[in-house]
Amino acid sequence: MTKQVFHTNTLGDKLRQLRDEKNLMQREVGAVIEVDGAFISKVENSEKPINRKHLTTLSKFFKVQEDDLQTLWLADKIRLIIKEEKLGKQAIQIVFNDFNQQ
């Protein structure tokens, strides 16, 4: 199997990278959280969100920080909310500025 270089801007990207590093099939990762391989494929392609409760199990399985997966999961949620919004980028900037002032 050829190793690929991944940009891990989404949880799906990160899960695909982790799976590839262990040379696992999608169905094998799915079995860890009791879903099928087709669901993992959709998660990796950002077509379906994963349930937050699965992140603990996946972080232990892949031996990565759960906070890293949680951060990507939350970023995906934000993207989903604003992706069709014309002013989404401006709204994110306001929230970012608010957080920086705290």
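Contact, as used in these legends, means heavy atoms within 4.5 Å. The model is predicted, with local features requiring pLDDT of at least 70 and side-chain atom pairs counting only at pLDDT 80 or more, while totals for chains, interfaces and linings use all residues. Residues are numbered from 1 along each chain as its sequence is written, and side-chain values use heavy atoms, with hydrogens and water left out.

**Figure 1. Confidence along the protein.** The predictor's confidence in each residue is given as pLDDT, on a scale from 0 to 100. The protein has an average pLDDT of 91, and 92% of the residues score at least 70. Helices are DSSP runs (H or I, at least four residues) numbered from the N terminus. Confidence is highest in helix 4 (residues 54–62), at a mean of 98, and lowest in helix 6 (residues 88–101), at 92. Over residues 1–6, pLDDT stays under 50, and the model has 11 contacts beyond four places in sequence for this segment.

Figure 2. Apart from neighbours within four places in sequence, Ser 59 is in contact with Val 64, Gln 65, Glu 66 and Leu 69. The Ser 59 side chain reaches the backbone oxygen of Thr 56 at 2.9 Å. Leu 15 is 44 residues from Ser 59 in sequence, with a C-alpha to C-alpha separation of 9.8 Å.

**Figure 3. Rings of Phe 61 and Phe 62.** Rings of Phe, Tyr and Trp (its six-membered ring) pair if their centres lie within 6.5 Å; planes under 30 degrees apart count as stacked, over 60 as edge-to-face and the rest as tilted. The count by this rule is 1 aromatic pair. Phe 61 and Phe 62 have ring centres 5.0 Å apart and planes at 75 degrees, so the pair is edge-to-face. Phe 62 is buried, at a relative accessible area of 6%, whereas Phe 61, at 28%, is partly exposed (between 20% and 50%).

**Figure 4. Lys 22 over the face of Phe 61.** A charge sits over a ring if NZ of Lys or CZ of Arg is within 6 Å of the ring centre and within 35 degrees of the ring normal. Lys 22 is placed at 5.8 Å from the ring centre of Phe 61.

Key. Helix = DSSP H or I, 4+ residues; strand = E, 2+ residues; numbered from the N terminus. Polar contact = N/O pair within 3.5 Å; in protein donor to acceptor, adjacent residues only side chain to side chain. Buried < 20%, exposed > 50% of the residue type's maximum accessible area, 1.4 Å probe, protein only.
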